[in-house]
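User: I'd like to learn how to read a sheet, a core and an interface in a model. Can we go through one together?

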Amino acid sequence: MITVRNLSKSYETPGETVEVLKDLELDLADGSTASIVGPSGCGKTTLLNLLGALDKPTSGAIEIDGLDIARLSEPDAAAFRNHRLGFVFQQHHLLPQLNVLENVLVPRLSGDWEETAATTQERATELLIKVGLQERLHHLPWQLSGGEKLRTAVARALINQPKLILADEPTGSLDPASTDQVADLLLEVNRDQNVTLLVVTHNHGLAKRMEQTFELKTGRLHPLITDHGSPGTPS
Amino acid sequence: MTALAFIRRGLAHYRGSYLGVLIGAALGAMVLLGALFAGDSVKKTLRVIADQRIGKVGSVLVGGESFVTRELADRLEAAPVLQLQAQVDAGQASAGQVDLLGVDDRFWSLAPVEMDPLRLAERDFAINAALARQLNVDAGDSLVLRFREPGLLSHDAPLSGTSDELVSLRGTISRIVSDDEMGRFSMKASQIPSPTLFLPIGRLADAIGRPGKANLLLSPVPLDPAKLKASMSLADYGLKWEPIPLADAVELRSEAVFLPPAINDKARKLLPEARPVLTYLANTIAANGKETPYSMVAGIDTSPVLPADLKDNEVVLNSWIADDLTARPGDEVTLSYYVLGSNNRLDEESATFTVRSIVPLEGLAADRKWMPDFPGIAEAEDNADWTPGMPLDLTRIREEDETYWDDHKGTPKAFITHRAAARLWQNRWGSSTGLRIGTADAPAGKRKDELLAALAPSDAGLTIRDVRAEATASANSPVDIAGLFLSMSFFLIIAAVGLTAMLFRFNVEQRNHESGLLAALGIPARLILRWRLAEGLFVVALGSGLGLLLAIAYTRGLLLFLETIWSTGGGSLFRFHMDPLSVVGGLAGFVVLVMLTIWLVTRRQARRGAGIRLESGTEEVIRNHKTKAPWVALASAMVGGGALAASGTMGPQGAFFLAGFAFLIAGLAVFLWRLRSRQLLPEEAVNPAGLATLNTARRPTRSLVVTAALATGIFLVVSVAAFQKHGGDEWKDKSSGAGGFAFWIETTSPVHRGSDTEGLELQADAPAGLLPFRIGMGDDASCFNLNAVARPRLLATDVSKLTGRFPIKNTLDDLPAEWTALKGGETLRAFVDETTLLWVLKMKLGDEIIYTDDTGAGFPVEIVGTLAGSVFQGSLIVDEESYLKRFPGSGGYRLFLGQTRGDLEIDRRAYQQAFTDLGANITTTSERLAAFHSVENTYIAIFHVLGGLGVVLGAAGLGLLTARNLAERRDEFATLRTLGIPPGILRSVILRESVRHIIWGLGVGLVAAIISILPKLPDSGRVLTFTWIAGLVILIAGNALFWAWLGFQRSARSLSGTSVSASA
């Protein structure tokens, strides 16, 4: 369960204060899917960074599974991301020095995972097979196509068996066919593992495939009617 | 995947960008370790040389001008050595100041290594490698030695015999003795081997008329003073009991003619019934208008010859001279005689006595034994054969005088009281020529032993030197080579560390996305930083390891360079040595230094949020914040101004250097301030200059680092360049370091009289005379001696003759800044060159150094003044009169400062001619000063090489910065190209950015440097200095531009053809 209350975020610039988010509210149920759309610069990535504990809000509360992540210390925030969150970025951010399998295993480097390395590696392999990269396990990122890189990034986001996946423009650099495949993959993960999925995107096709869609405008979320017929709640 | 594997992958993947880090670390480690190894090598070399110098010798009994019997060596289980100085001729080549060592088999057993004794045949010589090199001779070649026979008493003394006869010995070289075979034996603390010749002690002792004698006893174990005293015989004190049959007495006499005062006093105390005798030569005894030349006069206490109540102003004549002078009781008789004056000249004085009585020339009054064995007199057949070491007018000697000599030899013609004689003729060697005691009272048995027990070896000038401890102490060089090179390499090391850290930071920035991603994936920031540092540690450690290997070669190069200062040629002086502590400590220290720097420059980057890093790409993210630069600039300028204002109290050079450094910081702070406050102005933005200005300000930290490196480099190199010393004709000035003297003349054999010096002046046609110096105990403490010198060499002269000469820099507060300050005082006062005081002795004015006088007693020499940049570097200058009170046995002058009539070459030849028999080494004072300057100039040259490398590194940093900036601005340039901006304009923008760094760097550095060298500007060498500075500036600017161009070329190639779409 994600509950966001009165969330505000502003930046100081020479001469003025820019308010990016203002008293934003959001509720997402466990296992739900949602998308956020909006024009460039409206604060989508800022919101995602706040939800992912990568940044601190100016005010307000973000509660994920009962944990107020806005008040976490940096080490606790890191642990939260490492164990309970999956990130998928537009640029994929695969590490060029590691092969596909190793890239998926990167979160384990935090060193405080209880399961054995072999277990994690087994699951990483399964995830990569699941995303269709069984032939690419030992390839380096530069040897992959854009879609393969994204699938690798998705597998990496799942390696810690997260309860929430935050995806920032995951299909920004993909063609329509690849975009559909990625959407299928993310929704499959959502279904199979009951993972909450929040996608920030410009792609209305992808956005519509989520159960709820919000538009971020003037620092607040506004629910949009989707093909699924249910508006996002509340704004 | 483990963290280790992750680190390994990072290292492999980013090996290209880590290459620069590796090279920077290797360079820095090489320089730092090289400095430490150079220090280790010098220390090791000095220790090895110290061991070679003394071999297995533990302590030495030093006789100086006294001689002991070789039996004493037997009793002490020591090796007897007879040490003299000689000139050695080998046909075409000759060498002066050669140590002549008469030795026997025992000497060779003290070699550092086990060796068979050198069995030198009667006419065999062995020489060390230094002498062989100097003379260019080998085994089988013939040599001729020439040296002055040491006198029975100091040739300084009156009646010491002639002093200008040379002993010559011819022989064949049978062996060149290596350093490990005692070839380097010397008690002088110096890394330069003394040229040494070895010959059988028996031959040398016979040649000087001292059979069975030695003046050094070398013991492998510390000599026990008690055992030494117990082993001493009267002969070892140079004493004997001379039977006086006519007086039914014996007389205690010394080989040195005059009984040493300490011995005289102790013997008289032990034998109160003994009567002192002082017999002396009167040049003239005159009365009644008549005179008798060259007669002995005896001063005695009670004797049957004399009336019991003889007064001090009365004389008793023998009948022969009474007849000769027709003198009668009551007549006045005048005695004329020589006494020692200043400069050891013999001045004739006279005294008048009243004739008390006439004694017949018979019995005790006719006893020849009144006269001791005056050298040059006692053994003479005729009066005309006398060589007493005093000026004689042989034409005055009459037939009757010769007859008297034939019949009565040195029988005194007149007798006075001992007290009167002592008043007239006592000198620093003694006041008695014998102590006479009746046979019945003569010490025998137990009393003989009591006399020996009362005497101490030091009474005869014998001292024990713990040469082992001295050698160990001397190996601790006052020149901290490691510290010296570390300080001279400081800028280079900092530049290397800075470059390494900058390149590492580039790597970190290049991996901003990676760091951001890792943070987003929940890897704690501390872990990410730790991994980055682990990669850095690996690369830096690897680079340092490489630096260790390079340091070995680099150190060898440094040592070769150092040999130009401290070696005299012929074989390498320094032994390469790495102390394990230096290796471990140096490596660890360097790695820690680099890692600390890396940590400092990366930790802020690591602290940034993951989101920021993910967004920032490879660029450094600069947040706007208030700069403290103006305050730093103001504070630094105030410090600089304060230093200038306080130059009077701080000393101009230190104050101006501090001021220069403060203005350097101020200038750099102003530069940073301008960068931080740079605003985009519309009119600037549309031309290359405006773009360049904005781009320079875009990454202020990077711009500051490069500009600071250039500014600091030029500040250090230029400000140190101003300290170069130049020669020229300054020696002609009396107030210069040469005191207006043109020549520095050191001789193998001494000159004993001022009158002899005048003879030399006449021979050399010297215009304003030679100023003679006595060379006392101690070692050369100049910058040419790497060894620690506890007691610098004493140079004693009549300081009143130095008035107005030499630059006296400081004296103790209560003393005038004049040479006369050396006169008086309870301690022996000395002036010393300030270089020696500061860097070798590491002392200050008012400090005292303990020397040992002729009696073996310690006494302080107080340093009361300093000379600035004088030819006396390495010595203490003391007043001769005060010196002779401590060293009455001092034997003559062996150093002379000579003037010139104008043509140095002609005068040098004239001096060489005049000093031929003395084995003189003649150099000009300007050569001597230039040699001292060359040491400092060599240091400066090393600093310039190392500092120059630092500047090159700083400039290389500019090149890397240019390349890096271009790489990071691919999009910007691609956009400009897409917009049709010609490449020439782009190049102009980039060039202007680099030139801006260079101009600021050189400008700030140069202004600061010129402030720091202001006090040096009036120096005579300023033209050369400014030419040198201008050359340096052009070189540095050109070098910086070259690197910037290189960086531009490297990046421009990869940028060519870049378009917006390609880079996006």
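User: Which residue is the bridge partner of G86(A) in β7(A)?

Analyst: First, some ground rules. This is a predicted model, where local features need pLDDT of at least 70, side-chain atom pairs count only at pLDDT 80 or more, and totals for chains, interfaces and linings use all residues. Residues are numbered from 1 along each chain as its sequence is written, while chains are lettered from A and ligands numbered from 1 in the order in which they are written.

Now the general idea: strands of a sheet pair through backbone hydrogen bonds, either parallel or antiparallel. Here, the partner of G86(A) is I165(A) in β7(A). Strands are DSSP runs of E, at least two residues long, and helices are runs of H or I, at least four, numbered from the N terminus. Two strands pair if DSSP finds at least two bridges between them; β6(A) (85–88) and β7(A) (164–168) have 4 and run parallel.

User: Which residue in β8(A) is the bridge partner of I165(A)?

Analyst: That's L197(A). β7(A) and β8(A) (196–200) are parallel too, with 5 bridges.

User: What is the strand order of the open sheet in chain A?

Analyst: Its 6 strands go β6-β7-β8-β3-β9-β10, with mixed pairing. β6(A) and β10(A) (220–224) each have a single partner strand, so they stand at the edges with one side lacking a neighbour in the sheet.

User: Are L85(A) and F87(A) buried or exposed?

Analyst: You count neighbours: buried takes 20 or more other C-beta atoms within 10 Å of the residue's own, exposed 12 or fewer, and partly exposed is in between, with C-beta atoms placed from the backbone. L85(A) and F87(A) are buried on one side of β6(A), and G86(A) and V88(A) are buried on the other.

User: How many residues does the largest nonpolar core have?

Analyst: A core is a set of buried Ala, Val, Leu, Ile, Met, Phe, Trp, Tyr and Cys residues joined through C-beta atoms within 7 Å. The largest one has 247 residues, and those with the most contacts inside it include A29(B) and L218(B). Helix α2 of chain B (15–54) gives the most, 20 residues. Another core, of 78 residues, lies apart from it, with A77(A) and L521(B) among its members.

User: How many residues of chain A are in contact with chain B?

Analyst: Contact means C-beta atoms, placed from the backbone, within 7 Å. By that rule, 25 residues of chain A meet 23 of chain B. On the chain A side, α2(A) (74–84) gives the largest share, 7 residues.

Definitions and conventions. Contact = placed C-beta atoms within 7 Å.
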